[in-house]
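Biologist: I would like to learn how to read a helix and its surroundings. Can we go through one case together?

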Amino acid sequence: MTDEASPSAAGSWPGVPPAHAPAAPGTVPAAASTAERTVFLLAHTGRPAAIRSAERVVEGLLKNGLRVRVLVAEAADLPVPPSVELVAEATPACLDGCELLIVLGGDGTLLRGAEFARASGVPMLGVNLGRVGFLAEAERDDLDKVVDRVVSRSYEVEERMTVDVLVHNNGDIVHRDWALNEAAVQKTEPERMLEVVLEIDGRPVTGFGCDGVVCATPTGSTAYAFSAGGPVIWPEVEALLMVPIGAHALFAKPLVTSPSSILAVEVQPHTPHGVLWCDGRRSVELPAGARVEVRRGAVPVRLARLHHASFTDRLVAKFALPVAGWRGAPH
């Protein structure tokens, strides 16, 4: 899923609350004039398409009086003018004073941007330069529209649920993390299954040997959980999702729970060790006997939206679903 390394400070971001109180969902922060507005740009500079796209976005924003801020490490690969503000370190504070975070790239880059957005409280506007890009609001052909909408503040902000993740070992909390899409417990030895027991709200559900278990948000239902055979959950539905991967059991169906539920995956003491991946970007080894707890996150990720297209239409477009012959409800 990911195609680039985490920001240098990303490892310290899990559990970090927003640097400032975010505006209410559906609102855009006010500013006195365009001269006082700053946009942070994040791009996968390893892709020529991202470099060209970043150049167009920077040029359009500057021409309309907005300030632009980028990371020094990325500026080296981008043809940015001297007026662009450069930030040396990738920390939550690097977005201080920014109205918006624009991210150009594929799924990995968008999840990298989500780390910035969650830690800072700044809304993220994703432009998809990859394949599916469910987190993206626009495609590479929409760059001029993106600039126009940002300049005129013609966008809304919605909050997406995250999950907080705790790893216990021998009764101690040994790791804390979070995810926008999913926390996945996986095996590390291809020739051997991972033996686990699943738990919901403090009660055991079932145990089996498997390749892994995905605990996902509604946003993540179209990511790894979808590939594992889980259902698609509309983003406005508040729920948590648990999907077994390659389970050797009669009862190994996806489970959809309350958003207030606590999901747990216990790695059996006699099994090989496993690994926990959060959004396919951050990982930690799970020794035999480890316990992973997943619950609704305390800090959401804020996404900027340019239009009111329904999730149904987005689903059809992203997966190129066949809808020819549809006539609609009778009038």
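Modeller: Start with packing. The buried residues of α1 pack against β1 (38–43), β2 (67–71), β4 (100–105) and α4 (143–151). Buried means under 20% relative accessible area, exposed over 50%, partly exposed in between (1.4 Å probe, protein chains only). Helices (H or I, at least four residues) and strands (E, at least two) are DSSP runs, numbered from the N terminus.

Modeller: This is a predicted model: local features need pLDDT of at least 70, side-chain atom pairs count only at pLDDT 80 or more, and totals for chains, interfaces and linings use all residues. Residues are numbered from 1 along each chain as its sequence is written, and side-chain values use heavy atoms, with hydrogens and water left out.

Biologist: Which residues of α1 are buried?

Modeller: Ala49, Ala50, Ser53, Ala54, Val57, Val58, Gly60 and Leu61 are. They cover an arc of only 165° around the axis, which puts them on the same side of α1. The arc is that of the directions from the helix axis to the C-beta atoms.

Biologist: Which residues are exposed on the other side of α1?

Modeller: Pro48, Arg52, Glu59 and Lys63. Just after α1, Gly65 has a positive phi of about 90°.

Biologist: How do I read a pair of aromatic rings?

Modeller: Use the distance of the centres and the angle of the planes. Rings of Phe, Tyr and Trp (its six-membered ring) pair if their centres lie within 6.5 Å; planes under 30 degrees apart count as stacked, over 60 as edge-to-face and the rest as tilted. The structure holds five aromatic pairs. One of them is Phe40 with Phe116, tilted, at 6.0 Å and 35°. Both Phe40 and Phe116 are buried.

Conventions: Contact means heavy atoms within 4.5 Å.
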